[in-house]
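Have the structure open as you read.

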Amino acid sequence: MKLSRRSFFKYMGAGAGGLLALASVPRLALAAWNEAAFTADALASAIAARYPGLAVEDSSAVKLKAPAIAENGAVVPVSVSTNLPNVKSISLFVEKNPSPLAASFDLTAQNVADISVRLRMGETSNLVALVEADGKLFRVQQEVKVTIGGCGG
Amino acid sequence: MKIKASAKGDVIKVKMLIGHIMETGRRKDADGKLIPGHFITEVTVVHKGVTVFHAQLGPAVSKDPYLAFAFKGGVAGDKITVSWIDNKGETETSESVIR
């Protein structure tokens with residue numbers, strides 16, 4: 001098919017209209033599920049996939065609440081909170097899980113940076129919380145000893 | 001799914017408990033065959049047309065996920081809508097009123 005300049009723009013216009021129609025369908029997500037980050041099998045690669053190019057620094061401004069000893073690795077209660085301004089997201093990583101990234105929370109200015117979740121831990125491992133704020137990553141980590149792993153039956 | 005949203009001062013605290021198997025995809029059945037993963041990937045909470053919470057979850061989140069977060073800008077009586085989608089495309093949406 002030979003396209004004149006005019007008909008090319010006409011087609012483009014139709015395409016853009018279609019895209020707009022798609023975009024106006026209520027979307028469930030701010031950001032889609034980050035499959036690369038959730039399937040990464042090492043802590044460093046999971047962090048790199050979730051937060052490409054961001055520098056990490058340890059911070060005492062981030063509070064991580066998790067048990068020192070978890071009797072049941074299938075249900076480990078974890079809370080993360082911070083007073084840092086402009087928090088964009090909070091992510092939780094279990095270093096020794098087959099896929100370290102466990103959960104990631106996208107926050108807005110409307111949120112109070114205080115989240116809780118229950119995680120599975122396959123074995124005793126470091127639990128790493130990263131808070132993304134002002135284009136930087138603030139890290140706090142804690143070891144959680146697991147008596148009974150949470151990934152088996 | 002159970003949702004509890006309560007106003008404490010100007011902060012709305014939201015707790016939710018979602019019934020979901022959260023199958024990891026790494027367990028084996030009695031015949032030694034891998035049970036395919038089946039887990040929630042995203043949870044979204046909307047208040048007055050604005051997304052106030054968005055979580056991306058992996059299979060390392062416990063069965064029947066419990067999530068809690070807080071936001072500002074709501075008052076008692078407002079409605080919030082919680083929806084989730086899993087890796088098989090199944091979804092559930094539920095509403096709750098802030099108390």
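Contact here means heavy atoms within 4.5 Å. This is a predicted model, so to speak of local features takes pLDDT of at least 70 and side-chain atom pairs count only at pLDDT 80 or more, while totals for chains, interfaces and linings use all residues. Residues are numbered from 1 along each chain as its sequence is written, chains are lettered from A and ligands numbered from 1 in the order in which they are written, and side-chain values use heavy atoms, with hydrogens and water left out.

**One serine in chain A**

- Ser125(A) sits in strand E8 (residues 125-133) of chain A; strands (E, at least two residues) and helices (H or I, at least four) are DSSP runs, numbered from the N terminus.
- Leaving out residues up to four places away in sequence, Ser125(A) touches Val94(A), Glu95(A), Lys96(A), Gln142(A), Glu143(A) and Val144(A).
- Why does Ser125(A) count as buried? Its relative accessibility is 2%, and buried means under 20% relative accessible area, with exposed over 50% and partly exposed in between (1.4 Å probe, protein chains only).
- The Ser125(A) side chain also reaches the backbone nitrogen of Glu95(A) at 3.2 Å.

**Chain B by itself**

- Chain B has seven strands and zero helices.
- Its C-alpha atoms fill a box of roughly 55 × 20 × 15 Å along the principal axes.
- Of the 99 residues in chain B, 48% are buried.

**Where the chains meet**

- On the chain B side 37 residues are in contact with 35 residues of chain A.
- Together the two chains bury about 2,800 Å², 52% of it on carbon and sulfur atoms; buried area is the accessible area (1.4 Å probe) that two parts lose on being put together, summed over both.
- His54(B), Gln56(B) and Ala60(B) lose the most area on the chain B side, together 24% of what that side buries.
- E4(B) gives the most to the chain B side, with eight residues.

**Strand to strand**

- Strand E6 (residues 101-106) of chain A and E4(B) run antiparallel, joined by four bridges; strands pair if DSSP finds at least two bridges between them.
- Which residue stands opposite Ser104(A)? That's Gln56(B), in E4(B).

Methods:
Polar contact = N/O pair within 3.5 Å; in protein donor to acceptor, adjacent residues only side chain to side chain.
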